[in-house]
Amino acid sequence: RGLKIAVMLDGRQSLEIDDQPAVMVRGPALLVTANVGDHVQQRTGLSGGLVRCVLMQFDLDFVEREFAAPMQQLFALAGAEDAGIWVRPADAELCGLALQIAECPVAAPLRRIYLAGKALELAAMALDRIVGQPPLRPARLPARTREQVHAVRDMLVAAMQEPPSLAELARATGLNPTKLTSAFRAEFSTSVFGYLQEQRLQ
């Protein structure tokens, strides 16, 4: 419960809340999760290298006291009352601030004050990047469309060595190629053939 803000400098991770489809995150990226209910959150580092990130967690009391208005806006963007995930590319400014935290130049006893100040600065910048912008991951797809894109995923995994073309996948599932492409990206946070490439690398 609370607010988690991460700047992933390098690497890949999969993140999910409850039984929602996993969101794939590749560095450099800004990742924000907010949870004021009883939800299960799971992060999984993916093979193929190190994950280097700065992660901050703010407890619920602090969030309600200090970030009440931005949190209400976040949940409104997510279309949810009590949980959400947002992913954005991390620009040079965010990465620079994350590095200042990771490579803190200040020695004790002032180190803690320095890190607390930088953490609040990073939180403010992160929330500013997200509030007022629609989430990359829209509300869940309609059940039928979701079944269709999961069927596409299953066909890709079954035929990794000689995958069907986008047109063949669209025909087999009853979606047009444009709708298939956008729905697949909404469900899996990557393109059809980006997903195939990730599966081949694992």
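1. Ser191 is in contact (heavy atoms within 4.5 Å) with Phe184 and Arg185, residues up to four places away in sequence not being counted. Ser191 sits in the loop between α7 (177-188) and α8 (192-201); helices here are DSSP runs of H or I with at least four residues, strands are E runs of at least two, and both are numbered from the N terminus. A distance of 6.7 Å separates the C-alpha atoms of Ser191 and Thr181, which are 10 residues apart along the chain. With a relative accessible area of 24%, Ser191 is partly exposed, since buried means under 20%, exposed over 50% and partly exposed in between (1.4 Å probe, protein chains only).

2. The model is predicted: local features need pLDDT of at least 70, side-chain atom pairs count only at pLDDT 80 or more, and totals for chains, interfaces and linings use all residues. Residues are numbered from 1 along each chain as its sequence is written, and side-chain values use heavy atoms, with hydrogens and water left out.

3. The protein chain has a mean pLDDT (the predictor's confidence in each residue, from 0 to 100) of 78, and 75% of its residues reach 70 or more. Confidence is highest in helix α3 (residues 92-102), at a mean of 91, and lowest in strand β5 (residues 41-45), at 56.

4. Lys118 belongs to helix α4 (residues 111-130). Its relative accessibility is 17%, so Lys118 counts as buried. Beyond its neighbours within four places in sequence, Lys118 is in contact with Leu97, Gln100 and Ile101.
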